[in-house]
Amino acid sequence: MSFSSSSFGSGARSSRTVEFGRTHVVRPKGRHQATIVWLHGLGDNGSSWSQLLETLPLPNIKWICPTAPTRPVAIFGGFPCTAWFNVGDLSEDGPDDIEGLDASAAHVANLLSTEPTDIKVGIGGFSMGAATALYSATCAAQGKYGNGNAYPVNIAAVVGLSGWLPCSRSLKNKIEGSPEAARRASSLPILLCHGKGDDVVLFKHGEKSAEVLRSTGFQNLAFKTYNGVGHYTVPEEMDEVCNWFSSALGLVGLSS
């Protein structure tokens with residue numbers, strides 16, 4: 001478990017240093033083939049997800065579950081809680097905190113950058129964690145963060161549960177303007193899952209995010225929906241995640 005810091009703010013000219021929380025690691029029970037950074041939702045922490053991920057029948061995956069910084073969040077009237085970036089609206093329609101998104105995407109990339117070269121790496125998340133994972137996917141495709149700095153990791157798979165796509169309004173121009181970015185986008189496997197009864201991140205926002213990603217060139221994308229499911233995960237969805245990761249990453253197979 002570790003702590004690290006990064007510098008971000010909410011678009012102000014002077015950024016401030018914030019501390020990322022505790023990182024929880026779930027070691028693979030079998031031969032290590034892939035490492036996934038999994039990102040929690042707003043107000044949560046890495047520990048709760050590490051406990052769930054440890055129960056999944058994916059013995060070849062190492063899970064890294066970081067904890068977001070505690071910071072004032074606009075949607076809560078400035079009340080501080082764990083958040084990957086500042087947010088005023090849980091949808092693709094809200095203003096984008098590029099500095100906060102970049103800092104969290106860089107934190108994730110740093111966690112993956114020390115993995116052995118023969119290990120496939122990916123990113124997943126729930127709610128705001130899914131939004132951060134999808135932002136990381138767009139950075140990986142472009143080869144750079146929103147601030148222009150180079151994105152250093154070759155991402156093999158991205159999963160977003162009950163989330164949304166930040167910076168969707170400017171994505172199309174950024175991808176279509178670069179043949180290399182378009183090539184990376186078209187080949188990156190992405191799984192999005194969303195409950196049709198979600199009353200926190202509305203289903204229409206998840207659906208719109210999938211549409212924007214596809215229209216921008218992320219063709220290797222699956223969008224799974226769940227009738228009557230709210231802003232939480234269900235066993236059927238986690239089974240889908242397991243099967244999808246196993247296929248996308250070419251793992252040796254699920255354990256019973």
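Me: Two strands count as paired if DSSP finds at least two bridges between them. In this predicted model, in which sense do E3 and strand E5 pair?

Reply: Strands of a sheet pair through backbone hydrogen bonds, either parallel or antiparallel. Three bridges join E3 to strand E5, which covers residues 61-65. The sense of the pairing between E3 and E5 is antiparallel.

Me: Which strands are the edge strands of the open sheet?

Reply: The sheet is open and has seven strands, with mixed pairing, in the order E3-E5-E4-E8-E9-E10-E11. An edge strand here pairs on one side only. The edge strands are therefore, by the pairing rule of at least two bridges, strand E3 (24-26) and strand E11 (221-226).

Me: Which helix touches E4, E5, strand E9, strand E10 and E11?

Reply: Helix H2 (residues 98-113) lies across strand E4 (34-39), E5 and strand E8 (120-126), at about 155 degrees to E4. Another helix, residues 235-248, packs on the sheet and makes about 170 degrees with the direction of E9. The helix that touches E4, E5, E9, E10 and E11 is H7.

Me: What is the radius of gyration of the chain?

Reply: The chain has seven helices and eleven strands. For 256 residues the globule rule gives 18 Å, and the value for this chain is close to that, so the chain is as compact as a globular protein of that length. The radius of gyration is 17 Å.

Me: What percentage of the residues of the chain count as buried?

Reply: A residue counts as buried under 20% relative accessible area. Of the 256 residues of the chain, the buried share is 54%.

Conventions
Residues are numbered from 1 along each chain as its sequence is written. This is a predicted model: local features need pLDDT of at least 70, side-chain atom pairs count only at pLDDT 80 or more; totals for chains, interfaces and linings use all residues. Side-chain values use heavy atoms; hydrogens and water are left out. Helices (H or I, at least four residues) and strands (E, at least two) are DSSP runs, numbered from the N terminus. Contact means heavy atoms within 4.5 Å. Axes are lines fitted to C-alpha atoms, for helices over the stretch in contact, and angles run from 0 to 180 degrees between N-to-C directions. The radius of gyration is taken over C-alpha atoms; the globule rule is 2.2 Å times the number of residues to the power 0.38. Buried means under 20% relative accessible area, exposed over 50%, partly exposed in between (1.4 Å probe, protein chains only).
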